[in-house]
Amino acid sequence: RQLWWGHQIPAYLVVEGHTKGDKGDCWVVGRTEAEARKIAAELTGKPGAELTLQRDPDVLDTWFSSALFPFAALGWPQETPDLARFYPLSLLETGSDLLLFWVGRMVMLGTQLTGQLPFSKVLLHSMVRDRQGRKMSKSLGNVLDPRDIIHGVDLQVLQAKLRDGNLDSTELAIATAAQRKDFPHGIPECGTDALRFALCSHGALGGDLNLSVSEVLSSRHFCNKIWNALRFILNALGEKFVPQPAEEVSPASPMDAWILSRLAHTAQECERGFLARELSLITHALHHFWLHNLCDVYLEAVKPVLSHSPHPPDPLQVLFSCADVGLRLLAPLMPFLAEELWQRLPPRPGGSSAPSICVAPYPTAHSLEHWRQPELEQHFSRVQEAVQALRALRATYQLTKARPRVLLQSSEPGEQGLFEAFLEPLGTLGRCGVMGLLPPGVAAPSGWAQAPLSDTTQVYMELQGLVDP
């Protein structure tokens with residue numbers, strides 16, 4: 001704890017000019033040496049100039065210095081504008097193991113020296129353990145250096161780090177064997193954003209976090225998916241694309257309306273997660289939107305539309321909105337990837353865009369409320385069930401390249417109209433040919449495969465000429 005930046009104790013020993021009596025050594029305390037000398041003169045009855053003072057060479061514990069941090073960093077003891085504006089703070093984030101060492105000291109010194117609590121809330125983050133839930137220890141060989149996950153490392157380098165440590169021969173043998181079992185090919189390069197996203201994906205606040213490299217690798221694959229999605233979107237937008245203001249973007253098709261509603265819902269979930277300090281809610285919402293809504297559904301559904309030349313303008317504005325808002329939502333958790341891709345988006349007219357995504361406005365649920373259509377989202381879930389049924393039929397009859405005709409039949413008039421609005425994307429996502437509706441009560445065509453969607457809805461797929469009996 002005897003660190004060079006520690007606060008030296010402001011106590012002075014009077015070594016000359018003081019007659020040692022029954023009271024022992026004469027110590028005085030002052031903010032400055034001059035103040036201490038004045039106090040010493042009053043105690044000894046001698047002029048301060050005749051006294052020789054020797055300051056205590058010891059320093060206060062490091063925790064004392066760090067306990068001053070909430071207000072000292074803002075300019076205290078001077079009444080600075082920063083101190084007036086930012087103190088007291090709103091939230092401290094730390095580990096539970098520092099509650100007594102650090103948090104308690106900050107509370108005590110903040111209250112004593114400023115008259116106010118330094119913060120109103122404390123957020124305890126999780127403690128990172130290995131994938132088996134064990135505490136990371138050199139002797140177990142399960143220590144994960146964040147830099148090794150970010151940049152990747154060979155097994156030989158990991159083993160060399162163990163040998164360079166202070167383990168005895170028995171511990172070294174155990175640790176080396178464990179490392180060889182856990183990382184037979186070393187650790188692949190995962191990147192900073194993937195590591196950050198994987199850590200934030202764990203939900204237990206203040207509990208233990210069991211981290212595995214395979215989990216971080218999965219986040220890296222998610223990063224690649226986002227990169228490829230943006231490459232597709234930028235290619236579709238082209239060089240002459242001019243984005244509209246977000247408030248002017250309106251959907252021209254049910255698919256456009258659905259993805260914009262999902263985007264607004266994602267912003268709402270992110271807002272809820274930040275307010276509740278539950279980062280796992282945010283990572284889940286972003287992962288679901290980018291992977292399962294945008295990439296797997298919307299981008300696949302609009303590919304046939306974008307193949308027409310020239311492109312219709314409406315899907316392009318929707319694509320830009322998804323990229324722009326989606327990256328801004330992602331930025332706190334994947335700052336490097338989001339910045340790199342956001343800078344490539346076409347600028348809005350008037351040059352009003354922020355110079356960096358980290359100072360661009362964070363999307364709020366209120367600002368995107370005009371896109372929300374919860375009822376449409378609920379209806380589209382029925383369409384997705386139909387897509388799954390069509391894909392299951394294709395797999396059952398081993399239709400790899402064929403695009404069979406499909407008919408949907410429902411005894412519910414409302415559901416019949418629902419499917420009618422989504423016939424084109426249904427065929428695209430189900431990898432089928434011409435899609436049609438069979439009126440209620442009409443007999444099913446012979447030689448067609450059938451799959452029930454519900455008690456009221458059936459799906460029929462033509463197999464004539466496509467399957468060898």
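## Salt bridges

A salt bridge is taken here as a side-chain nitrogen of Lys or Arg within 4 Å of a carboxyl oxygen of Asp or Glu, and by this rule the count comes to 16 salt bridges. The structure is a predicted model, in which local features need pLDDT of at least 70 and side-chain atom pairs count only at pLDDT 80 or more, while totals for chains, interfaces and linings use all residues. Residues are numbered from 1 along each chain as its sequence is written, and side-chain values use heavy atoms, with hydrogens and water left out.

Arg 262 forms a salt bridge with Glu 377, with the closest N and O atoms 2.6 Å apart. Arg 262 lies in helix α11 (residues 254-275) and Glu 377 in helix α15, so the pair ties together parts that are 115 residues apart in sequence; helices (H or I, at least four residues) and strands (E, at least two) are DSSP runs, numbered from the N terminus. Both Arg 262 and Glu 377 are buried, where buried means under 20% relative accessible area, exposed over 50%, and partly exposed in between (1.4 Å probe, protein chains only).

Arg 405 forms a salt bridge with Glu 462, and here the closest N and O atoms are 2.9 Å apart. Arg 405 lies in the loop between α15 and β8, and Glu 462 in strand β11, so this pair ties together parts that are 57 residues apart in sequence. Arg 405 counts as partly exposed, at 41% relative accessibility, whereas Glu 462, at 18%, counts as buried.

## The sheet

An open sheet is formed by 4 strands in the order β9-β8-β11-β10, with mixed pairing; two strands pair if DSSP finds at least two bridges between them. The edge strands, each pairing on one side only, are β9 (435-437) and β10 (448-452).

Strand β8 (residues 406-410) and strand β11 (residues 457-462) pair in the antiparallel sense over 5 bridges, and Leu 407 stands opposite Tyr 460 in β11. β10 and β11 also pair in the antiparallel sense, over 5 bridges, with Tyr 460 in β11 as the bridge partner of Gln 450. A hairpin through 4 residues joins β10 to β11.

## Helices on the sheet

Strand β8 pairs with β11 in the antiparallel sense. Helix α16 (residues 413-421) packs on the sheet, touching β8, β9 and β11, where contact means heavy atoms within 4.5 Å. The direction of helix α16 makes about 155 degrees with that of β8; axes are lines fitted to C-alpha atoms, for helices over the stretch in contact, and angles run from 0 to 180 degrees between N-to-C directions.
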